[in-house]
Amino acid sequence: MILDRASLRYLLRHPWLVGLSVLGVALGVAVAVAVDLANESARRAFQLSVETLSGRFTHQIVGGPNGLPESVYRRLRVDAGVRSSRPVVEGYARAPQFPGETFQLIGVDLFADAEFRSDFGGLGTRAAVTRLLTQPATGVLARHSARRLGLNAGDTLMLSVGGQTHSVTIVDFIDAADPVSRQALDAVVLTDIATAQELLGMRGRLNRIDLIISGDNSALLERVRAVLPAGTDIVRAEQRSLALDQMTRAFRVNLTALSLLALLVGTFLIYNIMTFSVIQRRALIGSLRVLGVTRRQIFVRIVTEALVIGLLGTALGVALGIMLGNGLVERVVRTINDLYFVLSVREVTLVPWSLLRGTALGLGATVAAALLPAWEATRAPVSAVLRRSTTEARARQLAPRAAVAGLATVTLGTMLLALPSRSLLLAYSGLFALIIGAALLIPWATMAVMRGLQGVMGAGLGVPGRLAVRGVVATLSRTGVAVSALAVAVSASVGVGIMIESFRHSFVDWLTATLRADIYVAAPVIHTSPSAATLDAGLVARLAAVRGVAAISTGRRVRLDAPAGTTQLFVLDTTQQNFQSYQFKRGDADSIWKLWQGTDAVIVSEPYAYHHIVDMGDTIQLRTDDGERAFTVVGVYTEYGADEGRVTMSRRTYDRHWSDRAITFIRIYARAGTDVAELLARLRGAAAGHEIRIRSHASLREASIEVFDRTFAITAVLRLLATIVAFIGVLSALMALQLERARELAILRATGLTPRQLWQLVTAETGLMGFCAGLFAIPLGIGMALALILVINRRSFGWTLQVSVEPMILVQGLLLALIAALLAGLYPAFKMTRTPPALALREE
Amino acid sequence: MSEQINSTAGPLVNIRGLTKTYQEGDRQRVVFCELDASVEREEIIVLLGRSGSGKSTLLNLISGIDLPTAGSVTVDDVVLSALSETERTLFRRRNIGFVFQFFNLIHTLTVEENLLLPLELNGALDETGHAFARELLLAVSLADRAQSYPDRLSGGEQQRVAIARALVHKPLLLLADEPTGNLDRDTGQQTLKLLQRLTRDARATLIMASHSTEAAGLADRVFNIERDRLIRLPGLERRGA
């Protein structure tokens, strides 16, 4: 169609405008796709490894901190006659000869296992199986892992578990059948069950027992329950996977939300560009309408143009997203490993659904951004469309009304955020309303600022200064939208920046208050099995006797699995003085200490209290060795260490209900006047022969902050990307505005404005708009940060954070807008001073 | 209060009790008040009047671009104000051609494509349509510029393209709003003659708003818009009209 040609040529004649909008969409889509791919890759890797390594099972029997006695398995098979069952012994081990490598050690009952998993079908040769069964400390590796590590059959692999190092002889290799198994089997060592028990220090015990119970065979389930001793429980298979999936859900949701923020910024920029292109073509649209082009045809035309930009931007964005995803997946996995569980993902999986979602988001956002300008283009009467002055007069008239609507929307957003709810959707709706409301307020606020600046600009720059101020107000239909879009773009960077800074501040403050001991001793812990990482009981006495040690406190970290979910239990043997390091939400440490020392009392972390809806005085149920017991919550404390929350109880209470006497860590308090470095050396000497980590207060603090920074590195990357989108947005929008004023500027040149004055006029005008965008981005950014910190983070993780507004972040936001704006003026000013006015004055 | 343009049976344009007011700040500006007028088929009418007298407004009301505050405009027995926005657009597309002071060509389309656009909108982009467009280009002496873009043409050339575009779909009514306002005297005169000739050839009706008394010389009837009334100026009309 001829009209299509007209549209296409318009786009081709404005390569800057189109190129920059395509880039805006592309960056937004790229960030969304990359985060989605990284999240999905991690989630899939997790699911696949669970499926491949665990095989199929319907139920699991779980025990206490030290698993289950082996005898339960015997009773299950012999007394209850449950044939479809298998014992599971698994854990994690470090390989000292391959620094940074962590292996999953899986003990396989070769007789019971066949029914559960097919992937281990090719478990080496018959001879290898015999050796696994008959020779202690033998294992099998995936062939591709062995090749990567340069290990051959007969080689020894050193494995370190809970501070003890063992050697395992590799007797054979498994060939991964497909890429899925290949990924799942990477870094897995398979051994006979007895070997695994030996290596993991679980002689006579199992981690759990897997069952296959077809259908809803309640009779069989009853038989199983009948033989289970107290302290064990039966959970459905999907509950366990779900619990692990849930653990990272908030983290993933937040990443996705942040990536969508980048897309929202992109959408605002597209909106700006589409509005600009419509306003610029008002006369043309008027001509077409006079010729008989219907409103619908105009609407379709503009939306189609947006769709073309959207398609180009989305295609580029998806490609960029895949590249970016490869970079992000490593960070996402590292965060998951730091915070939740061990996961091995070496490359991003191209999940079609993620790519499809990214495409839909890109196209959807572009079309959504174009709807309003397209509607606006068709709404005005043809006679008005043909008159530019009407548009501007109307824009100025509308500004106060839009401001009132904006104020109402901001109020609505604030109310939505303040509603006592746990809904994240509601919180994001509130945030969105806040942004839209602010965007509506900004054109009016721009007019107000311009009025305020008129005198200053006139005094500073003379005629160009006055013209610049008037120019911004006179073309409010274009400048108002541009300043709004840019302020939103910059505010996203400011808001996320404040959020990260507040988080870091809260975390560091908490760390300072919590880390009171001088030296920390722990067995190397791998996240999934903190219960397994224990310290030798004799070591405690040896370390306590070292010269310079004033006091020690010990602790135990335990994970309790139950049908209702997993509980992270923290057991402390400490003094009242050291208990002061806890910061309680209510009540003082001394009175809580007294209650905590009492019968069956616990304190819980803030995220735990939030997620489980418990408060002081409530009771929680925990599965002890003697079955379920109620524990009274006597305090809720601040903690930023684990987002799933923690329950802390005294050693005395723990020992009353659990037979486990193991210790996971020791805190050492130095005698006054003792040199901590020397004490550290003496302690290391006393612990010689044990593979344990002894760290000073400073080193642990540093390591903790490092983990924190690593965790937030991905958020910082997203912030940077949103900032780049904002920067490009400011640049493109303002540059386009100036380039399209060529004729007007030529008239000014012809009237007598010198090239220097023209420079001043153009840069003053873009500078003013950049200044306004940066200025308005500050309160909006702070508002966004408050919503993110006080509402969204609280609802996602249960944390209360101190809001900390670093002035530098605000200055950065203002500078970002200002520099981009000033840069945007350079090219148009340069172009106009080089073009003879007569040429520019020619009718286009 | 009103001036009867023509009262013969079956006029193409019938204006009855036409009132148009605009809100300007706190006060209302009356452009026309209960105006009655009619235009016969194949007539050429010129509307004179100072700037802001309402010439363009009257053309906008006759084309259905704008709606009267009161009264009605009937074109070819169709009451425009009774039509919906889309119906008015479709009516305009089929029956009316426009020529503007600033040409209003589509700058992203070539001269030929500008001419073909109304045909395409009317679903008449067939071989006959193409042939007629070529014929019109010849008639306006721009056959060799068919593939040029409007910004490569002079003002006079652009206006000739606009005239050809206004006639290409064989409208009943041609509305021209200061078609020579942006041209030099000689080019303006040539353009007016061309417009008159092509209108006559097409047996269309032309209503032209203009400042130029030369334009009046080509008209069957000439009216001046004064205050909110139409005053006929027979002395300026084409001799023998």
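**View 1. An open four-stranded sheet in chain B of the predicted model.** The strand order is β2-β1-β4-β5 (chain B), and the pairing is antiparallel. At the edges stand β2 (27–39) and β5 (78–79) of chain B. Each has a single partner strand, so one side of each lacks a neighbour in the sheet.

**View 2. Pairing of β1(B) with β2(B).** Strand β1 (residues 13–24) of chain B runs antiparallel to β2(B). Nine bridges join the two. Lys20(B) has Phe32(B), in β2(B), as its bridge partner.

**View 3. Helix α1 of chain B across the sheet strands β1, β2 and β4.** The helix spans residues 55–63. It lies across β1, β2 and β4 (70–75) of chain B. Its direction makes an angle of about 125° with β1(B).

View 4. Val222(B) is 10 residues away along the chain, yet the two C-alpha atoms are separated by 5.8 Å.

**View 5. The contact between chain B and chain A.** Chain B contributes 22 residues, and chain A contributes 22 residues. On the chain B side, α2 (85–95) and α3 (111–121) each supply at least two residues. That side has nine nonpolar, six polar and seven charged residues.

**View 6. Helix α19 of chain A.** Residues 476–514 form this helix of 39 residues. From first C-alpha to last it reaches 54 Å, close to the 57 Å expected at 1.5 Å a residue. α19(A) is mostly covered, with 29 of its 39 residues buried.

Methods. Residues numbered from 1 in each chain as written. Chains lettered and ligands numbered in written order. Predicted model: local features only at pLDDT ≥ 70, side-chain atom pairs only at ≥ 80, totals over all residues. Expected span 1.5 Å × (residues − 1). Buried ≥ 20, exposed ≤ 12 C-beta atoms within 10 Å, placed from the backbone. Contact = placed C-beta atoms within 7 Å. Nonpolar A, V, L, I, M, F, W, Y, C, P; charged D, E, K, R; others polar. Pairing = 2+ DSSP bridges. Axes fitted to C-alpha atoms, helices over the stretch in contact; angles between N-to-C directions.
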